[in-house]
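Here are my notes on the model you asked me to look through.

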Amino acid sequence: MKLSKRTSMLIATGLTGVMALSACGGGSDDGEGGGEASGGSGRVVFGESTDFPENLYPNIAAGNATSVANVLIKVLPSAYQVQPDFTVEFNEDLFTGEPTLEEVDGQQVNTYEINPDAVWSDGTPITVDDFEFTWRANRSGDPADGGCPAVLSTTGYEQIASIEPGEDEKTVVVTYETPFADWQGNFENLLPSHLMDADDPAAVCETITEGWPISEGLPEGISGGPWQVSNVDAGAQVIVLEPNPEWWGDGPQLEQLIIQNIGNDPTTAVQGLQSGELGVIYPQPQLDLVEQVQALEPNVESEINFGLTFEHLDLNTQDPHLGDPLVRQAIAYALDRQEIVDQTVGQFSSDAQVLNNRIWLNTQPEYEDTAPDEVKEQNVELARQLLEQAGYTAGPDGVYTHPERGPLNIQIDTTENNPLRQTTIEVMIPQLAEAGINASFNANPDIFAGAEKPSSLEGGGFQAALFAWVGNPFITSSQSIYQSPQGDNIQQNYSRIGNPEIDALFAELATEPDRERQAELGNQIDGLLWEQMATIPLYQKPTFIAHQANIEGVQDNPTEAGPLWNSETWTIE
């Protein structure tokens with residue numbers, strides 16, 4: 001599961017610069033569009049409402065953001081892509097046929113036949129070497145094992161024993177040490193070995209850790225999809241995509257797709273759509289925004305869906321207060337999550353409801369309510385009892401204090417300029433105050449930065465953090481969030497807590513092909529996560545997509561694939 005790929009920042013400059021290109025203007029001389037990479041007509045401006053990326057490499061904390069995923073979804077090739085209905089389909093442009101699964105000498109073997117025409121945008125063929133390097137770049141977080149601590153998740157890759165060519169370099173034979181049920185989730189964002197590989201694992205790790213800083217854009221020749229990044233203006237927070245000249249498939253139908261950061265300010269989004277300066281938006285929905293956009297019909301079309309993203313509160317167990325499980329439980333019992341839903345997403349969707357599972361979401365058939373009864377309704381009295389059991393006493397100001405840890409002051413970090421998240425925390429603060437917990441709001445610009453920023457999730461210098469996980473149908477994708485940290489390699493376990501029983505269940509889950517048994521294991525894991533109480537689920541998040549009515553082909557994909565998942569098919573009528 002990709003980290004909330006994830007969240008929001010306001011651009012003070014408004015609709016300027018490349019915005020003037022307009023969603024409905026422009027066009028090639030012949031005006032025909034079509035499947036040639038150099039053809040296509042018109043430009044669409046996509047208003048990115050989440051943080052402008054600081055790094056474009058997706059497999060490290062600094063690049064593990066929604067905005068990066070939106071840039072790369074049709075730039076770096078993936079073996080499979082999640083569809084809007086949560087199914088997965090193999091990449092028909094990358095492969096000549098569906099990859100095969102078989103058992104050979106008791107081992108799982110997958111074979112991929114790469115399209116003979118498949119090349120990177122510098123003309124270098126896409127081969128087995130790229131699959132083998134992608135594996136090595138993600139298989140381990142341990143330098144002693146040739147790995148890299150900066151890698152976010154090794155799940156799926158650490159189970160692979162070897163990757164070798166078949167009859168030729170266009171045939172990829174992947175052999176697993178242990179079976180891996182979610183093998184179709186591997187080789188997302190295939191990496192170009194000819195641009196990144198080195199003989200020394202330490203040199204590869206250095207390349208991975210540095211990533212692709214946004215100020216430098218992407219390395220030349222790195223596209224293996226229909227789009228390539230042609231220009232990055234970090235100051236204006238603009239990324240321009242143009243057709244990959246070496247693309248062998250259909251599309252893109254546009255001559256440019258411009259990603260402009262607009263932040264999550266409803267006024268900016270609505271004015272952009274109204275003026276035609278924005279073609280497509282995918283903001284975090286808010287009541288006033290939804291109502292104002294719907295008022296622009298029929299010139300603008302919009303839709304609300306529920307996907308595989310959920311909002312949650314992470315508690316850093318390295319904090320002196322939050323390292324105590326009684327304090328974490330007290331926080332959970334003091335919260336009225338139904339009121340949080342009512343005051344946030346419930347304002348614009350009657351389908352919104354409290355989420356009582358971290359592995360499965362409300363709209364998935366495998367979902368079970370695994371929450372203990374004590375957390376289903378606010379229980380201030382029990383929260384206070386737990387704090388007193390932990391050695392806290394109420395001070396004259398009503399705030400509990402500990403003789404060694406001091407006053408129970410908890411700062412809740414979240415993303416900048418995100419009204420919905422700010423409202424969430426503002427609802428939490430008085431709830432927690434009833435239990436003698438002094439909570440405060442903090443918009444943290446570094447929340448998704450790398451370890452060099454102490455207050456980031458990866459840096460660990462935070463107490464509590466409110467953000468979202470963006471998911472996919474692959475159940476093992478959540479393993480990197482909840483499995484025990486291994487030394488400096490915490491992967492995505494920002495609460496920094498481990499449990500051998502959870503680890504063992506995830507290990508079993510990774511080898512279990514039966515969906516019913518997967519559901520059982522996932523729900524068992526979530527029951528144990530409630531015992532840890534290091535992360536508190538709030539609600540499954542709705543998605544909201546809106547676009548100019550004359551842009552054809554726009555379709556919401558409420559998974560990690562996101563709104564640009566089929567952007568090579570978009571046309572302007």
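The points below go from the whole chain to single elements.

1. A word on the basis first. This is a predicted model, in which local features need pLDDT of at least 70 and side-chain atom pairs count only at pLDDT 80 or more, while totals for chains, interfaces and linings use all residues. Residues are numbered from 1 along each chain as its sequence is written, and side-chain values use heavy atoms, with hydrogens and water left out.

2. Overall make-up. The protein has 13 helices and 22 strands; these are DSSP runs numbered from the N terminus, with helices being H or I of at least four residues and strands E of at least two. Its radius of gyration is 24 Å, close to the 25 Å from the globule rule for 573 residues, so the protein is as compact as a globular protein of that length. (The radius is taken over C-alpha atoms, and the rule is 2.2 Å times the number of residues to the power 0.38.) The C-alpha trace spans about 75 × 60 × 40 Å along the principal axes.

3. Of the 573 residues, 60% are buried, where buried means under 20% relative accessible area, exposed over 50% and partly exposed in between, using a 1.4 Å probe and protein chains only. Among contacts with a separation of 6 or more, 69% join residues 24 or more positions apart; a contact means heavy atoms within 4.5 Å.

4. Strand 13. Antiparallel pairing links strand 13 to strand 20 (residues 535–548) over 12 bridges and to strand 19 (residues 464–470) over seven bridges; pairing requires at least two DSSP bridges between the strands. Asp 314 faces Thr 535 in strand 20, and Leu 313 stands opposite Leu 466 in strand 19.

5. Helix 7. Nine of the 10 residues of helix 7 (residues 325–334) are buried, so this helix is largely enclosed by the rest of the structure. Arg 328 is one of those buried residues, along with Gln 329 and Tyr 333. The buried residues pack against strand 13, helix 9 (380–389), helix 10 (419–434), helix 13 (515–532) and strand 20.

6. Helix 5. The buried residues of helix 5 (residues 266–275) include Pro 266, Val 270 and Leu 273. Their cover includes strand 12 (280–281), helix 6 (287–294), strand 13 and strand 20. Just after helix 5, Gly 276 takes a positive phi of about 85 degrees.

7. Three strands make an open antiparallel sheet in the order 14-15-16. Strand 14 (393–394) and strand 16 (406–407) are at the edges with a single partner strand each, so one side of each has no neighbour in the sheet. Two bridges join strand 14 to strand 15 (residues 400–402), and Ala 394 stands opposite Tyr 400. Gly 398 lies in the loop between strand 14 and strand 15 and is partly exposed, at 27% relative accessible area.
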